[in-house]
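Keep the sequence and the model open beside you as you read.

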Amino acid sequence: LQSNGCCIGTGFAEENIEPEEETMIKIGGNSYLVSPSLPDVHGCSPGWSSAFYGAECFDSEVHGYMKNLGKQKPSESQNIDAKKVELEQLLMMETKNYRRTIKFYQKLLQKERSSKGPETKSMLPKLRGQLQEMKSKVQFLELVKKYVQQMMYAEQWGVESCVLPTVIHNGRTDMDVAPKDESSLLLYYSTEKHQCNNQNGIRVLQAGTPLGLMAYLYSRNAFLEGYVQQFLYTFRYFCTQEEFLQFLLDRISSTLSSSNLDPSTSLTKICNRSFYILQAWIEDCYSVDFATNADLLCTLKEFISSKVVPLNGYGERLLSLLEDASARKSGSAHQCSGMDKCEEEGEEDRKTLHSLCKKLSEDRSCNFTYFFFLQNFNWKLSKGMGPIAQYQRERLYTISSVLPKPCYNSFTEEFPGSFAKADEVGPYLLVEYSAQQLSCQLTLLQQEVFHKCHPVHFLNSRALGVKDKCIAVQKAVSTETVSLKVCNLFLSKCIQDQYLLQLLRYADSISTWIAAEIVTCHTSKLQVSLLSKFLRIAKCCYEQRNFATAMQILAGLENLIVRQLPAWKILPAKVAEIMEELKAVEVFLKSDSLCLMEGERFKTLPTIPSAHVLAMHVQQLETGGFTMTNGAHKWTKLRNIAKVVSQVHAFQENPYTYTPDFKLQSYLRQRITRYKDADISALAADNCANFHQIPAEKHSRKIQDTLRRMKATFQ
């Protein structure tokens with residue numbers, strides 16, 4: 001949808017809100033009636049797309065559709081509540097029709113494969129075209145819904161930029177006094193990229209003081225321009241979580257008692273916008289800011305209970321939101337209200353619909369799934385995902401698919417006794433399974449770890465000891481002993497969640513496991529078999545866009561001991577070529593921080609990036625000063641960082657749907673756990689297959705006899 005122009009309608013950013021009309025706002029040159037009551041508690045977080053696309057997240061087509069939505073007659077006023085109701089009805093109907101059509105398509109596809117109906121061959125192409133149109137319409141309505149929610153929930157309470165100094169000094173009683181000049185708080189530059197009524201173009205934020213950047217959250221269109229989401233990703237560079245929370249609570253305290261009087265006053269706008277910013281912060285960053293800081297969470301709950309709940313109904317909603325976020329963090333997200341359950345059911349329907357779309361696309365993308373790679377590199381790639389899709393279809397109804405999934409509190413936790421035979425089986429089970437089967441299960445294991453991370457985890461990684469090396473984190477160094485004094489870009493009192501270290505240690509354990517499996521093989525034949533298997537697994541992984549596991553396998557194969565094995569000399573040439581492909585993929589990933597976000601592929605195909613490569617890209621953006629000569633923080637630099645890390649949430653929205661094989665996963669987990677701290681050189685020293693063999697015994701005796709005779713002649 002971002003390819004349809006990707007620009008805001010003319011005059012979107014420079015129209016003024018008429019303060020004298022209590023229930024009217026003006027956005028994009030159009031006036032809308034709004035309800036003075038606060039919105040529902042859901043949906044204030046702008047999401048990753050807001051940080052990534054910024055003002056171009058909603059194009060002119062969305063804006064035009066929004067203008068005509070909910071109007072029975074051209075002369076009628078445009079009520080946002082009516083638009084929301086009509087939009088939800090349209091979205092529900094289109095989603096149901098889309099789901100029915102997909103099921104009908106699957107039935108026809110089965111008939112075609114069983115050769116029971118030749119007439120289906122002519123129907124399938126037409127049905128595919130209809131499905132594509134329906135899918136595009138559903139996605140478009142989803143985007144319009146997000147636009148309506150953001151406009152209703154946040155932008156009606158935005159203030160003009162000249163009022164931002166008042167936001168900072170709103171503790172005073174003379175709120176309506178003319179504010180000071182904003183030039184001391186924020187620095188702008190003008191651009192004519194999007195022409196508007198102002199001949200000088202649009203003002204774009206360039207830099208600001210910490211107070212100025214926090215105050216800019218209250219400016220009109222801050223949500224729609226992507227500033228709020230970008231701020232939530234990057235504010236830790238210039239203020240702590242406690243300082244940001246106190247800033248919001250001070251604004252709420254000084255305006256709460258007067259917020260219910262007049263919706264058009266600055267007091268009401270500041271108070272309500274504070275609620276929305278706080279809610280967006282909780283929705284998006286609870287796991288990295290509140291769940292890891294008990295004092296911060298206690299301060300917020302105490303303030304809401306004592307100050308907000310007695311005066312404003314929004315307090316109960318915020319407390320409920322905190323409880324739900326805590327439940328999701330602890331794995332018990334089902335303890336929620338009836339409205340939450342309805343929304344979760346709708347979200348689950350969308351996920352189910354999305355999985356059906358991917359199953360549908362598997363049959364269509366067999367021949368051109370990896371056209372992107374073919375364009376960038378001269379590789380001889382396989383024909384896409386055919387074997388993997390076939391593997392999924394074959395394993396839909398297996399005994400392991402109905403077994404309960406084993407629960408492990410951590411990756412290194414002990415495994416049940418029923419899976420204790422992994423050591424007895426050894427590496428031979430890896431040879432029995434196909435590369436497609438192993439790549440699918442390794443991808444699911446990697447996805448489980450990746451989906452627990454947050455974009456903020458990739459910031460300030462130098463302070464965690466992450467370096468530009470193959471092994472980023474020393475295995476012997478624990479999380480608690482990592483010093484934050486070296487190269488710490490966050491404020492000294494800012495608490496940083498160190499989940500990135502766990503993610504990198506998991507990657508290191510995969511690489512070490514692969515190297516250990518190879519050097520412990522007692523025959524050259526088995527080593528060649530495992531080398532070939534791991535190379536094919538890596539090829540399958542990068543073809544299905546699991547770049548994390550692919551790079552982990554490459555790191556294991558590039559281990560100094562592994563690279564010196566004699567088995568490489570007898571490896572088939574076609575298999576050895578995969579090693580060069582993997583190195584080319586690595587170069588591609590390191591070439592551009594947003595290379596995986598190009599085009600529309602990342603929206604339809606699941607993706608897992610390499611955590612270490614992404615951390616290195618962020619470190620490169622963090623190089624250099626964050627402040628200007630006047631002490632203002634460079635917002636352009638922070639905005640670029642937010643754009644790069646936002647891809648973490650983008651990839652997490654599109655999960656893999658392979659059927660898990662819990663028996664195979666348990667075997668892999670146990671083998672990885674066994675070798676995760678192994679000394680590869682020590683393991684290799686105990687295995688004669690890792691050394692270049694001396695001549696056979698017969699030839700050795702002949703040489704020795706010859707040497708003796710030569711020695712005797714000189715005596």
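**From a helix start to the aromatic rings**

At the start of helix 2, the backbone nitrogen of Glu61 has a side-chain oxygen of Asp59 within 3.2 Å. That is a polar contact, meaning a pair of N or O atoms within 3.5 Å, where within protein one must be able to donate a hydrogen and the other to accept it, and residues adjacent in sequence count only if both atoms are side-chain atoms. Helices here are DSSP runs (H or I, at least four residues), numbered from the N terminus.

Before going further, please note that this is a predicted model, in which local features need pLDDT of at least 70 and side-chain atom pairs count only at pLDDT 80 or more, while totals for chains, interfaces and linings use all residues. Residues are numbered from 1 along each chain as its sequence is written, and side-chain values use heavy atoms, with hydrogens and water left out.

Staying with helix 2, which spans residues 60-68, you will find Val62, His63 and Met66 as its buried residues; buried means under 20% relative accessible area (1.4 Å probe, protein chains only). These residues lie on the same side of helix 2, because they cover an arc of only 100° around the axis. The arc is taken from the directions from the helix axis to the C-beta atoms.

Now for the rings. The whole structure holds 25 aromatic pairs, counted when rings of Phe, Tyr and Trp (its six-membered ring) have centres within 6.5 Å; planes under 30 degrees apart are stacked, over 60 edge-to-face, and the rest tilted. Tyr216 and Tyr227 make an edge-to-face pair, with 4.7 Å centre to centre and 75° between the planes. This pair links distant parts of the chain, 11 residues apart: Tyr216 is in the loop between helix 6 (210-215) and helix 7 (227-234), and Tyr227 is in helix 7. Tyr216 and Tyr227 are both buried. By contrast, the planes of Tyr656 and Tyr658 meet at 35° with centres 5.5 Å apart, so this pair is tilted.

One aromatic cluster includes Tyr188, Tyr216, Tyr227 and Trp635. Over the ring of Tyr188 sits the charged end of Arg203, 3.9 Å from its centre; for this, CZ of Arg or NZ of Lys must be within 6 Å of the ring centre and within 35 degrees of the ring normal.

What about disulfides? The search finds 0, a disulfide being a pair of cysteine sulfur atoms within 2.5 Å. For Cys440, the closest cysteine sulfur is in Cys540, 7.8 Å away and therefore too far for a bond. Cys440 is also buried, at 0% relative accessibility.

Methods
Buried < 20%, exposed > 50% of the residue type's maximum accessible area, 1.4 Å probe, protein only. Helix = DSSP H or I, 4+ residues; strand = E, 2+ residues; numbered from the N terminus.
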